[in-house]
Amino acid sequence: MFTENKNVEATDLGGGVIRKILSYSKNLMTVELQFQKGAVGAKHSHPHEQIGYIVSGRLIYQEEGCEDKELQTGDTYYVKPDAVHGIQVLEDTVLLDVFTPMREDFVK
């Protein structure tokens with residue numbers, strides 16, 4: 001499977017957040033997220049494992065039971081299944097999130 005980013009329709013989630021679903025299979029998914037400065041990724045949980053890569057920008061990663069952590073371009077984070085987590089965006093930021101298994105709720 002090849003996914004050309006320029007051909008992927010973006011979904012405006014509101015609040016300064018835009019999502020693009022990139023390549024995926026039943027077991028693995030990549031998602032690009034664009035956040036405007038000041039946007040908030042509300043705290044939530046899901047049964048998927050997740051790794052996030054900060055393509056550009058700066059944010060504060062928050063996970064229940066852990067100390068908040070400021071992350072920037074080139075940094076990554078891991079989210080275990082069912083962990084309550086979210087972000088506060090300090091400057092315009094682009095993330096690449098990888099999920100396993102794929103997020104069926106994103107493609108319905």
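# Rings, charges and strands in a predicted model

Student: Hi! Is glycine 15 buried or exposed?
Tutor: Glycine 15 has a relative accessible area of 65%. With a 1.4 Å probe and protein chains only, buried means under 20% relative accessible area, exposed means over 50%, and partly exposed lies in between. By that scale, glycine 15 is exposed.

Student: What kind of model is this?
Tutor: Residues are numbered from 1 along each chain as its sequence is written, and side-chain values use heavy atoms, with hydrogens and water left out. Local features need pLDDT of at least 70, side-chain atom pairs count only at pLDDT 80 or more, and totals for chains, interfaces and linings use all residues, as this model is predicted.

Student: How many helices and strands does the protein have?
Tutor: Both are DSSP runs numbered from the N terminus: helices are H or I with at least four residues, strands are E with at least two. From the N terminus on, the elements run β-β-β-β-β-β-β-β. The count is therefore zero helices and eight strands.

Student: What radius of gyration does the protein have?
Tutor: The radius is taken over C-alpha atoms, and the globule rule is 2.2 Å times the number of residues to the power 0.38. For 108 residues, a compact globule would come out near 13 Å. The C-alpha trace spans about 35 × 25 × 25 Å along its principal axes. The radius of the protein agrees with the globule value, at 13 Å.

Student: Where is glycine 15, and how far is its C-alpha atom from that of leucine 95?
Tutor: Glycine 15 is in the loop between strand 1 and strand 2 (17–24). Along the chain, glycine 15 and leucine 95 are 80 residues apart. Their C-alpha atoms are separated by 16 Å.

Student: How many aromatic pairs are there?
Tutor: Rings of Phe, Tyr and Trp (its six-membered ring) pair if their centres lie within 6.5 Å; planes under 30 degrees apart count as stacked, over 60 as edge-to-face and the rest as tilted. By this rule the count is two.

Student: Why does the pair of tyrosine 61 and tyrosine 77 count as stacked, and which strands hold these residues?
Tutor: The ring centres of tyrosine 61 and tyrosine 77 are 4.9 Å apart and the planes meet at 25 degrees, so the pair is stacked. Both tyrosines are buried. The pair ties together parts 16 residues apart in sequence, because tyrosine 61 lies in strand 5 (residues 49–63) and tyrosine 77 in strand 7 (residues 76–79).

Student: Which arrangement do phenylalanine 99 and phenylalanine 106 adopt?
Tutor: Phenylalanine 99 and phenylalanine 106 are both buried. Their ring centres are 5.8 Å apart and their planes are at 85 degrees, so the arrangement is edge-to-face.

Student: Which arginines have their charged ends over these two phenylalanine rings?
Tutor: A charge sits over a ring if NZ of Lys or CZ of Arg is within 6 Å of the ring centre and within 35 degrees of the ring normal. Over phenylalanine 106, 3.9 Å from the ring centre, is the charged end of arginine 19. Over phenylalanine 99, 5.2 Å from the ring centre, is the charged end of arginine 103.

Student: What is the N to O distance in the salt bridge of aspartate 105 and arginine 103?
Tutor: A salt bridge is a side-chain nitrogen of Lys or Arg within 4 Å of a carboxyl oxygen of Asp or Glu. Aspartate 105 counts as partly exposed at 45% relative accessibility, whereas arginine 103 is buried at 8%. Their side chains meet with an N to O distance of 2.7 Å.

Student: What accessible area does the nonpolar patch of Met1, Tyr24 and Val107 have?
Tutor: Patches are made of residues with over 30% relative accessible area and no salt bridge, like charges being joined within 9 Å and nonpolar side chains (Val, Leu, Ile, Met, Phe, Trp, Tyr) within 5 Å. Areas come from the Shrake-Rupley method with a 1.4 Å probe, and for residues only the protein chains shown count as cover. Methionine 1, in the segment before strand 1 (11–14), counts as exposed at 68% relative accessibility. Together, Met1, Tyr24 and Val107 have about 310 Å².
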